[in-house]
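Colleague: Could you take me through this structure, and tell me for each label what makes it apply?

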Amino acid sequence: MTAIADKTYMARALKLAEKGRGSTFPNPLVGAIIVKNSKIIGEGFHKAAGKDHAEIVAIKNAHSSIAGATLYVNLEPCCHTGRTGPCTEALIKSKIKKVIVGIKDPNKKVNGKGIRQLRKAGIEVTVNILKDESYYINDTYFFSQQNKRPFVTLKLAQTLDGKIATLSNESKYLSSKQSLKYVHTLRANSDAVVVGTQTAQHDNPSLTVRLTKGNNPYRILLSNSLKIDSSLNLLKNNDDYKTIIASTEKSLKTFSHATNKVITWSLKSKNRQLDLHDFLEKAYQFNINSTLCEGGAKLASSLIVQQLVDKIILVTVPKIMGKGIESFGSFRINQLTDMVEFDKHYTFNLGVDTILVGYPKWGKA
């Protein structure tokens with residue numbers, strides 16, 4: 001195959017991988033294509049954890065013998081037994097001649113072992129075809145594996161003068177319908193959505209996916225005191241058992257609204273506040289790779305102060321509120337050089353709203 005052909009087939013594998021977005025938790029997005037005599041004879045993508053990996057789907061879907069063929073896959077084939085068997089063994093048995101890999105899997109159970117196993121069996125392996133694209137399609141997975149904590153996205157909707165709610169905490173549906181649908185897409189693409197006590201009490205969100213296709217994420221309530229209403233949607237509408245209450249051990253012992261449906265995490269406290277580092281460690285241990293924080297000003301400021309935000313999505317509506325609750329009201333700096341800057345950022349419009357997506361560069365100013 002030529003280099004151009006390799007990139008073309010890998011691009012197809014990446015396109016297939018995208019079909020699994022929102023449903024593969026906690027696994028990454030993977031697509032695979034089998035090519036023989038310059039023709040695609042089989043292809044597939046990973047649909048959900050516990051189901052066949054992309055390589056196996058492609059093998060099963062092949063309409064002719066795959067002996068001597070070439071497999072294109074955006075992520076290194078696994079070589080260990082989890083919910084499914086190792087893909088490397090299946091590829092070796094199938095007598096595939098060559099495997100083209102987009103990028104090496106950072107998971108310590110794989111991390112080059114799959115490639116070595118294939119080569120040891122006499123299969124030719126080429127790595128790093130469309131490497132950047134293969135990284136960014138699974139950026140939260142790579143981040144989580146490399147940093148041992150989930151990728152944190154902070155989403156806020158604010159007015160032109162930087163207010164997210166009135167002084168009486170009225171904020172529901174500040175942004176446009178188009179932006180609201182976008183947020184539901186963000187939820188579908190996240191492993192978990194996080195809010196604080198005030199947002200849960202005043203907005204009473206469900207944090208489910210309703211305006212687009214996709215699975216519901218885990219819904220996490222961070223609450224130090226757990227002085228919350230038992231009628232909250234997070235507690236009441238939990239038939240999928242995906243609501244998580246994260247609080248101190250002391251508060252959880254007196255939590256009277258807990259049911260068998262609610263998952264509870266006991267967190268450490270620091271300066272009378274929940275320890276966010278401990279929270280992210282618990283989330284990582286729960287196999288959560290990405291979190292979407294939809295909390296209010298208190299949670300947003302705490303995440304910024306502790307430099308725990310990896311991406312900011314700021315939805316700005318063309319309205320002026322005057323006095324109200326500021327987006328980052330608890331974040332204070334003394335000099336301009338302490339401002340949060342971005343490694344990269346971009347903007348786009350949704351209806352009348354302007355969306356800014358930025359990646360903070362902590363400690364690089």
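Modeller: Let us begin with Asp278 and Lys282, which form a salt bridge whose closest N and O atoms are 3.2 Å apart. This is a predicted model, in which local features need pLDDT of at least 70 and side-chain atom pairs count only at pLDDT 80 or more, while totals for chains, interfaces and linings use all residues. Residues are numbered from 1 along each chain as its sequence is written, and side-chain values use heavy atoms, with hydrogens and water left out.

Colleague: Why is the contact between Asp278 and Lys282 called a salt bridge?

Modeller: The term asks for a side-chain nitrogen of Lys or Arg within 4 Å of a carboxyl oxygen of Asp or Glu, and the closest N and O atoms of this pair are 3.2 Å apart, so the contact qualifies. Both residues lie in helix α11 (residues 276-285), 4 residues apart, about one turn of the helix; helices here are DSSP runs of H or I with at least four residues, and strands are runs of E with at least two, numbered from the N terminus. An α-helix has 3.6 residues a turn, so residues three or four places apart point the same way.

Colleague: What makes Asp278 buried or exposed, and what about Lys282?

Modeller: Buried means under 20% relative accessible area, exposed means over 50%, and partly exposed lies in between (1.4 Å probe, protein chains only). Asp278 has 6%, so Asp278 is buried, whereas Lys282, at 24%, counts as partly exposed.

Colleague: How do you know that Asp310 and Arg149 form a salt bridge, and where do they lie?

Modeller: Their closest N and O atoms are 2.9 Å apart, and therefore the pair meets the definition. The pair links distant parts of the chain, 161 residues apart, with Asp310 in the loop between α12 and β15 (311-316) and Arg149 in the loop between α6 (139-147) and β6 (151-158). Asp310, with a relative accessible area of 11%, is buried, and Arg149, with 14%, is buried as well.

Colleague: What makes Lys261 and Asp239 a salt bridge, and why is Asp239 called buried or exposed?

Modeller: Their side chains meet at 3.0 Å, N to O, so this pair also qualifies. Lys261 sits in the loop between α10 (249-253) and β11 (263-267), and Asp239 in the loop between α9 (233-236) and β10 (243-248), 22 residues apart. Asp239 has 63% relative accessibility and therefore counts as exposed, while Lys261, with 30%, is partly exposed.

Colleague: How many salt bridges does a search of the whole structure find?

Modeller: That search finds 12 salt bridges.
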